[in-house]
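Here's a quick walk through one protein model, with the working rules spelled out as we go. Have the viewer open and follow along.

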Amino acid sequence: MSGVWVFKQNGVMRLVDDSSSSRRKALVHLPSGQVVNSYSALERILTGLGWERYYGGDPDLYQFHKHSSIDLISLPRDFSKFNSVYMYDIVIKNPNLFHVRDM
């Protein structure tokens with residue numbers, strides 16, 4: 001269920017369908033303009049930025065950490081479950097290097 005909450009004059013709110021939110025999102029590496037379409041592509045980019053694979057956590061997750069910070073990027077093993085929540089996590093932890101776009 002996606003959409004926008006609209007508040008009426010009487011204080012009641014309702015969910016209005018936002019058809020633009022149903023578009024697929026894509027993670028874009030800004031310096032190269034590359035759309036990340038696999039974990040191998042993402043791993044190459046993250047490794048170049050100083051991230052390393054982390055094997056000490058949950059075996060159902062694909063994880064990366066950086067020695068210079070406490071940040072940990074955790075992604076579902078199945079790339080088909082890689083959605084905008086995970087994309088924005090990468091964007092926040094790598095400022096000015098990634099962007100999430102509608103496709």
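Where is Phe-82 found? Phe-82 sits in the loop between strand 7 (72-76) and helix 2 (84-93); helices here are DSSP runs of H or I with at least four residues, strands are E runs of at least two, and both are numbered from the N terminus.

## Ground rules

This is a predicted model, so local features need pLDDT of at least 70, side-chain atom pairs count only at pLDDT 80 or more, and totals for chains, interfaces and linings use all residues. Residues are numbered from 1 along each chain as its sequence is written, and side-chain values use heavy atoms, with hydrogens and water left out.

## Overall layout

The protein chain has two helices and eight strands, and along the sequence they run β-β-β-β-α-β-β-β-α-β. The radius of gyration is 17 Å, well over the 13 Å that the globule rule gives for 103 residues, so the chain is more spread out than a compact globule. (That radius is taken over C-alpha atoms, and the rule is 2.2 Å times the number of residues to the power 0.38.) Along the principal axes, the C-alpha atoms fill a box of roughly 55 × 30 × 25 Å.

As for burial, 26% of the 103 residues count as buried. Buried means under 20% relative accessible area, exposed means over 50%, and partly exposed is in between (1.4 Å probe, protein chains only).

## Around Phe-82

Phe-82 is buried, at a relative accessible area of 5%. Leaving aside residues up to four places away in sequence, Phe-82 touches Leu-27, Tyr-39, Leu-42, Leu-75, Pro-76, Met-87 and Ile-90, where a contact means heavy atoms within 4.5 Å. Asn-37 is 45 residues away along the chain from Phe-82, and their C-alpha atoms are separated by 9.8 Å.

## The aromatic pairs

Rings of Phe, Tyr and Trp (its six-membered ring) pair if their centres lie within 6.5 Å; planes under 30 degrees apart are stacked, over 60 edge-to-face, and the rest tilted. By this rule there are five aromatic pairs. Tyr-39 and Phe-82 have ring centres 5.8 Å apart and planes at 75 degrees, so they're edge-to-face. Tyr-39 lies in helix 1 (residues 39-48) and Phe-82 in its loop, so the pair ties together parts 43 residues apart in sequence. Tyr-39 and Phe-82 are both buried.

Phe-79 and Phe-82 are stacked instead, at 5.2 Å centre to centre with 25 degrees between the planes. Phe-79 counts as partly exposed, at 26% relative accessibility. Tyr-39, Tyr-62, Phe-64, Phe-79 and Phe-82 form one aromatic cluster.
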